[in-house]
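This report describes the ligand site, the pockets and the backbone geometry of one model. The structure is shown first.

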Amino acid sequence: MKTPHIPVLLEEVLDSFSSVPEGYFVDCTLGYAGHSSEVLKRYAMLHHIGIDRDDEALAFSKKRLEPFDSRSTLYKGTFATVLPTLKETPITALLADFGVSSLQLDKKERGFSFSSKTLDMRMDATAALSAHEVVNHYSQSQLEYIFDAYGEIRAYKKLAGAVVEARAKQAIESAIALSEIAKTVIPPGGKIHPATLMFQAIRIEVNNELGEIEGLLDAIEKKHFKGEVVSLITFHSLEDRLVKNRFRKWSSACLCDPHAMRCTCGKNHDIGKALSRKPVTASKEELKINPRSRSAKLRSFVFKNSSGEN
Ligand SMILES: C[S@@+](CC[C@H](N)C(=O)[O-])C[C@H]1O[C@@H](n2cnc3c(N)ncnc32)[C@H](O)[C@@H]1O
């Protein structure tokens, strides 16, 4: 089956699950089942649960995963809401490959690309909030907040002002029009397109992307996994920071205030360990065939098993 999306860090993801016992593998960002189909092929003892909020991705993956029908179940929804409701046990492997798929980016009518004639950016086309609403109806201070917090744009105030000024003359109806506004504030010629960070910020807001990652990490924590491996792929520093900090918390034995004179917590609160200190990144070979892998960072965490060992 021809796929609209090349899975990133595929071998590295497969290897991260080499020690998992039989049980369920949850792919929280099923997409086009690039990772899922290979995990199912390599690990015959694993059952599969695929989650996505995008109907188009789910329909494609349902067909792609037909050969594994008896071992696979798909759910529509966001991973932070679906994971806590799963009854299947034991979950022994979990993957999330955050962000948008190549198909979402490339399909002009989804409104993610600078040259889209629409202004949408919803991963779930049935969700209430779209980029059109954010760009045309958020207050100037709300826009400043998202450009600063989710885009880390230095000229965030100026950019929010330019959007408000432009929409006062005429509603902003397309991604093309929006990226033209970005060019008036951020001059072209830098390493990235002037509108890149603005689009990232709006996309994060529309899809509550950082809230979803926090929710997923909370849900994983509450599940009290034993011997499970969690592999998470991030694409920018805001996402990576959330994952890195949570892994650090999970691997810390001591919960005491770092300024406390002495440890009083028993120093036995670590629930597992990261598989590597540094994130795994794409090889030169992968970068050649898939430029999207350039910013991908994979972090894996293994939870202690029921005997308390890693
Ligand atoms: C990068 S793609 C995953 C590609 C997939 N690993 C593959 O190999 O085909 C990310 C997918 O996750 C979905 N997604 C992103 N955030 C989500 C969330 N919070 N809940 C559910 N699905 C989400 C997107 O709709 C998209 O289809």
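## Basis of the description

Residue classes are used as follows: Ala, Val, Leu, Ile, Met, Phe, Trp, Tyr, Cys and Pro count as nonpolar, Asp, Glu, Lys and Arg as charged, and the others, Gly among them, as polar. The model is predicted, with local features needing pLDDT of at least 70 and side-chain atom pairs pLDDT 80 or more, while totals for chains, interfaces and linings use all residues. Residues are numbered from 1 along each chain as its sequence is written, and side-chain values use heavy atoms, leaving out hydrogens and water.

## Ligand site

The ligand is surrounded by 25 residues, where a residue counts as near if one of its heavy atoms lies within 4 Å. Tyr32, His35, Asp52, Asp97 and Gln104 are the closest. Divided by class, this shell holds nine nonpolar, 10 polar and six charged residues.

Polar contacts are pairs of N or O atoms within 3.5 Å; within protein, one must be able to donate a hydrogen and the other to accept it, and residues adjacent in sequence count only if both atoms are side-chain atoms. A ligand nitrogen lies 2.8 Å from an N or O atom in the His35 side chain. A polar backbone atom of Ala33 is 3.3 Å from a ligand oxygen, and a polar backbone atom of Phe79 is 2.9 Å from a ligand nitrogen. The ligand on its own exposes 610 Å², and the protein buries 99% of this area (Shrake-Rupley method, 1.4 Å probe; for residues, only the protein chains shown count as cover).

## The cavity

Cavities and pockets are found on a 1 Å grid over the protein atoms alone: a cavity is a set of points where a 1.4 Å probe fits but cannot get out, and a pocket is an open set with protein on both sides within 12 Å along at least five of seven lines; lining residues have an atom within 4 Å of a point. Grid points are joined across faces, edges and corners, and a volume is the space filled by probe spheres set on the points.

Searching the whole structure gives one cavity of 30 Å³ or more. The largest cavity holds about 380 Å³ and is the space taken by the ligand (more than half of the molecule's atoms lie within 2 Å of the grid points). Its lining has 32 residues, with Thr29, Asp52, Asp97, Gly99 and Met123 nearest the centre. Helix 2 (34–42), strand 2 (46–52) and helix 11 (209–223) are the elements that give two or more residues to this lining; helices (H or I, at least four residues) and strands (E, at least two) are DSSP runs numbered from the N terminus. Helix 11 has the largest share, three residues. The classes are 12 nonpolar, 11 polar and nine charged.

## Pockets

The largest pocket contains about 1100 Å³. Of its 31 lining residues, Leu105, Thr196, Arg203, Arg294 and Ser295 lie nearest the centre. Helix 5 (102–106), helix 10 (196–207) and helix 12 (237–250) each give at least two residues to the lining, and the largest share, five residues, is from helix 10. By class, 14 are nonpolar, 12 polar and five charged.

The second largest pocket has about 220 Å³ of space. Among its lining residues are Glu152, Arg154, His193 and Leu197. The lining comprises seven nonpolar, two polar and two charged residues.

## Backbone geometry

Most residues other than glycine have a negative phi, and most peptide bonds are trans. Thr89 and Pro90 are joined by a cis peptide bond with omega about -10°. Pro90 is in the loop between helix 4 (79–82) and strand 4 (91–97).

Glu152 has a positive phi, near 50°. This residue lies in the loop between helix 7 (140–149) and helix 8 (156–169), and Glu152 also lines the second largest pocket.
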